[in-house]
Structures are given as C-alpha cells and as structure tokens.
Protein chains: 2
Amino acid sequence: MLKLNFAKKLAAVAACTALLASPLMAAEKVYRLKLAETWPTNFPVFGDATKNMAALAEEMSAGRLKITIDSKNKHKAPLGIFDMVRAGQYDMGHSASYYWKGKVPNTLYFTTMPFGMTAPEQYGWFYYGGGQELMDEVYGQFNLMSFPGGNTGNQMGGWFQKEIKSLDDLQGLKMRIPGFAGEVMAKLGAKPTNIPAGELYTALERRTIDALEWVGPSLDLRMGFHKIAPYYYTGWHEPATELQFMINKKKFESLPADLQQILKTAMRTAAYDMYIQSYNDSGENWDSMKKEFPNIQVKSFPKDVVAAMRAANTELLAEKAAADPLAKKILDSQAEYMKKSRAWTEISDKAYLDSAVN
Amino acid sequence: MLKLNFAKKLAAVAACTALLASPLMAAEKVYRLKLAETWPTNFPVFGDATKNMAALAEEMSAGRLKITIDSKNKHKAPLGIFDMVRAGQYDMGHSASYYWKGKVPNTLYFTTMPFGMTAPEQYGWFYYGGGQELMDEVYGQFNLMSFPGGNTGNQMGGWFQKEIKSLDDLQGLKMRIPGFAGEVMAKLGAKPTNIPAGELYTALERRTIDALEWVGPSLDLRMGFHKIAPYYYTGWHEPATELQFMINKKKFESLPADLQQILKTAMRTAAYDMYIQSYNDSGENWDSMKKEFPNIQVKSFPKDVVAAMRAANTELLAEKAAADPLAKKILDSQAEYMKKSRAWTEISDKAYLDSAVN
C-alpha cells in the first residue's frame, strides 16, 4: 500500500477517480437512470417496488447506479410509459404489460390471464418455462426490455351491490372492469365501464355502477368499498397480476456488465418482494376490514356463471390465436406450461389447504 | 480525464488499484469466501441455489466477491455446517435450520412446521412479519447470521406400500420420516426410522420399511420410489421447507457495505429462485412420473388421521412453548401471523383453485 499523508491521499484518490472513469477502467463513473412509473406519488405496494429496486441498485453499486423515480404526478402520462421509454425520454418504466394491448396486442399476455396461472406457476413460466424469452421477442421489436415487476397475488372478483345467483344477474350489470376481463364480461351481457379511480367510491355508493373490481385487500382497504357494498367476490380474472419493469434496450446495453447484473437482480428481487409484500398486506388488511365490518359476505360465483365466463374467455383467446401466429405461440406455451404446473399445484398446495382446514 | 499513453495508463491504473485497496477506498480488493453445503456435489435444485447465489455475487461485484463452494464430498461433514461456520472454518453455509435442533432447540422453527405456513405465507412472515428478526435473535448468540436459502414448496406426505385407511394402519408402521414430523408420527404409534439416502430404495422395495417421505417430484423422480410403491400421499408435515444460507457474522461485518448488500441480495434472489425452480421441476417431474407409471395413486390421509396428527403436533408444540420463553415467542408469532395470512389464502388462491377446477 502506498504511504501518503491524508491530504495527499485524498488528492491521489481524486486523480485516480478521474483516471478510472476513462474507458480503460470505468469503475467509478456514476450512471444515472430516470424511471417513470404509472402510479401516483407514494402509491402503496406498487410504488414500494420501484423504491426498493432503486435503493438495492444504488447500495449494491456503491452509488455508481442512481435511479430517480418520477410518478405520474410529475410526468402526467401514466399510460405513456411505453412510448416514453421506447423514445429514450425515460430510461426505465414501471407499469403493467397489458396496458399496451391497444398498441401492441401481444403485450396482453405478460401480466395475468383470466383462469390462468397462479403467481408461483407464472413465475415458473417466466423464468423456467420460456415466458421471459417470449416477452423478449415481443418487446425487442421496440428497442425495449421488459421484466417481471412485482405481483399483486390473486385479485378479488370485486365488490357487488347485489348477489350474483345466475347468469341472468349479469345482464346489464354496470361494472367497472377494464381490459380483457371486461371483454369477457361483455360477452355474458354485462356492461363494463371504466371510471377514474377518484370517482369510484361515489359511483358505487350512488349505484351509478352495480359493481367494480379493484385489486384485493392490499389496496382495496384504503378505497373504502367495504363500507358501501355487501358482497366481496373471489377472483377468476386476474389470478396473478405481474407488473413490469421496462428498460430502453440501448440504454441498458450501454451499462457496464456488473451494473447490468446489479440492475437485473435489483428488479428481480424487488418483483419477488412485491409479491410477498402484497401477500402480507392482503392478510393484514383483510383482517382490518373484517374487524371494521364483520358483515362483509365473501362469495364465489356460481358454477354455471364460472363455466360461462370460462367459455367466453376460451372463445376470445381462440380468436386471438387464429389472428396472429405469435399470439398462438404465446398462448400455447402458457396452456402447456399451466397444465403441468397446475397438476402439481393440485396435489401439493391445494391438497394441503383442503386437508389442513378440516 | 487525464491524457496518458496506454502503457503509462496501465501503470497508473496499477498504482491506483494499490491505493484504492487502502482503507480509504477499498473498491478493488477481492474478497474470497468459502461456503460449505450439506448436499453432495451437483445435487439438483438445492445445489443450484448455491451456484446461482455465488454467480450473482461475483457478476454484480465485477469479481470483487468470489465464493467457492465445497459440497459434502469435499468437507465430509454435512451436519457440521453450523459448527464450521461458527468457528470460521468456513465463512458461509447452505443447509437447513431444523438440522440444528439437537444443538440449539429454537433453530427448529425456521424451516417449516407441520400444519404450518405455505411458502408465500412463510416468506411474508420472514420478511414482513418479524420472522427474520427472530431468526437473528436465535443465531446472533452464536456469531452467526441465517437467511432464507430456497424453498422446496409443499413436500409430499410420502410413498406408502399400503393404503392408510385409519389410525390403526399407522400402528407399528415403519417409516423413514426424520425430525420433528417423526416425533408426531411416533405419538400416533408409527415407528419412525432414519436410513441413509443411498439405502432407501432397497429398504422400501424389500419392505424393510413400509413407507418413506423424501421431498416431492422435484427430487423424488431420480430416487425411483414411484416404481416400487403404489401410494403417493399428499403433504401435512413440511408445507414450505426453506433452506438456509448461514454466514459467520464477523466475516460478514468485515465486508464493505456494497458487498454486504450484494451478498444479501444474491442470497435473497437465489432463495426465491429456488422456490420457483422447485415449483417448475415438480410440475415437469410429476408429469414424467405419471407418464412412466400411470397407476400411481395419489391419496390424502383420512380426516381422522389428519386430526390426530394435528392434535399430536399441537401437544408437542405446547410442550416446547412451556419449556422455553423464546420458543413460545417464536411459536406465538408464527401462529398469529398464519391466522391472518391463511384467512387471505382461503379467499384468494384457495377459492380460485376451488372454482377454477370445476
């Protein structure tokens, strides 16, 4: 080790830092990335995932990788993330792949599917069953990379003002249920509507809508729906909603190899952590809801209603597969993977839960 | 940036590297850690978790953190990991906390418990419900740190030569089922035995034992038990077996802050990944088993047998809680956490799986 007094040492370190920032050895250069998230500032759970990711990346890189996060309050374009990251206006995004289905139809399949995989099944598909490679194929065409960005776990079927006893009860039912699940409901005669989050409580209270789905106890508690709707239906349409981290591909490739691995691992860990946080918060918040309003009635849709939803879903997916070879490739991959994975779920977690509750 | 020709630049970098290895700025020093794992060389899934962790740590640190892995073939002490890491003979270990219950009784509670939490419930407890802090309390007394090290998912109840129709069928049943679950079985009249892995197939084939539990399809397939025992029972005793990464605490604290975070994140990610790999491999291997031997009969234990197992388990845990205040604190924490978390599982994943299969 060189022997220097402290002031000389500091000066030498400064010189070295400059040298090491050169292409020969870029160890000390600071890389700054800007991330835009779809959510408002300090949105629970989803917003924790981006903060967790950025903190991990900064700590693991000793400050060489700094990620600043702009919420929708700042960038004003919650559904503009895809375009902004593609164009390089932002380096990264945190959003959900199915938001881009109007723009790039095959992005639909990388969030969750009605009657689809549970969270561990779907992570298995992403990481060991070819799902990530298919997502690379879809996003690669747009100079984008997409990775799992945190799972909400199984989403509840929603809050209903009246009980659904048969398919007749769905006729004309005004329900806030956006996206592909809304298409399924429309096939059964319901009237899906979309209403901004801030107006949902009043709309449900005043019966402007008869029902709505949001997420589950982790995020529903603060919305207060349990105070104004008596029925809480179990889920069918989003069994494992996975958010996404998006990155501008050229920007990612410009990072040194160690920072690429740090960034990928920070995203992967933050995604898993969000799944576990969602599970935790759902348990805590469901407990709080029941304590505040012990009369919440948890219901599952009747078998014939579920069968009709499933049939409508199958029909819609068959149309998509027939129209686009890549859609067919993705849907076949999911169906084949899920068949094996679900057979395991049946004899493991499901059998355990069935016998443990008796 | 300094302007130097290439040879001068290389020399300057070498001098800088020496300087930066000083305590003022230790960026380029290489830290080497030795890890001992309980498993044989290239053991599937469990051994992948250690390799995955070491590769992540090395790549994220640009080679500054190098972890070498010794399997039991090298160190010859599969159940000596606790002592070797405590003494500093190895810096890290990969094993399972419940192996140390004979030495430190409260290590029993950080792997899995009969009739206990599922994998997402238990990760919730570790990371958001105080479980990690309790593990710190137990291991901190021994200059050790322990972290989740990868989950096998729900383990199967085992392979049986004859069907279990009532409690009578457990009387005198010779079964390979080690550890705490073996104590539960003994209370019901079974004769738990332990037999080395290499002799299990022959023992079951020749009826030296009537039954055995191993893991589940992810690791059972290669053992071949499905060829010689007709009944495969669903699980009750290890709903979410979590392995452990152990570290010598002084060694960990001697690492720079960025490498500490890299190491913790590499372990956390590798643990989650092993859970997902186990899920994937279980699905794949269960599919292979059924194709090879379509007559495997999957059974769940009758309700009265499960009720008796549960009662015996409750009684044994009450004894442990009465004997040790820290055991009581841990068991109370788990019971309280599981109550809330399971209520959520019931209306989310379980309700979904119940309705989706119809």
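A search of the whole structure finds 34 salt bridges over all chains, a salt bridge being a side-chain nitrogen of Lys or Arg within 4 Å of a carboxyl oxygen of Asp or Glu. This is a predicted model, in which local features need pLDDT of at least 70 and side-chain atom pairs count only at pLDDT 80 or more, while totals for chains, interfaces and linings use all residues. Residues are numbered from 1 along each chain as its sequence is written, chains are lettered from A and ligands numbered from 1 in the order in which they are written, and side-chain values use heavy atoms, with hydrogens and water left out.

**Salt bridges**

Select A:Glu121 and A:Arg342 to begin with, whose side chains meet in a salt bridge at 2.8 Å, N to O. This pair links distant parts of the chain, 221 residues apart, with A:Glu121 in helix H5 (residues 119-128) of chain A and A:Arg342 in helix H13 (residues 325-356) of chain A; helices (H or I, at least four residues) and strands (E, at least two) are DSSP runs, numbered from the N terminus. Both A:Glu121 and A:Arg342 are buried, where buried means under 20% relative accessible area, exposed over 50%, and partly exposed in between (1.4 Å probe, protein chains only).

Select next B:Lys340 and A:Glu284, a salt bridge whose closest N and O atoms are 3.2 Å apart. This pair crosses between chains, from helix H13 (residues 325-356) of chain B to helix H11 (residues 257-292) of chain A, and A:Glu284 is partly exposed, with a relative accessible area of 30%.

**Helix against helix**

Turn now to chain B, where an open sheet of five strands has the order E2-E1-E3-E10-E4, with mixed pairing; two strands pair if DSSP finds at least two bridges between them. Its edge strands, each pairing on one side only, are E2 (65-70) and E4 (144-151) of chain B. Six bridges join E4(B) to the antiparallel strand E10 (residues 242-248) of chain B, and B:Ser146 stands opposite B:Met246 in E10(B). Helix H2 (residues 46-60) of chain B packs on the sheet, touching E1 (31-37), E2, E3, E4 and E10 of chain B, and its direction makes about 160 degrees with that of E2(B). Helix H6 (residues 131-140) of chain B lies across E4 and E10 of chain B, running at about 130 degrees to E4(B).

**Last stop**

Finish at B:Ala203 in helix H8 (residues 200-205) of chain B, a buried residue with a relative accessible area of 6%. Not counting residues up to four places away in sequence, B:Ala203 touches B:Ile195, B:Thr208 and B:Ile209.

Definitions and conventions. Contact means heavy atoms within 4.5 Å. Axes are lines fitted to C-alpha atoms, for helices over the stretch in contact, and angles run from 0 to 180 degrees between N-to-C directions.
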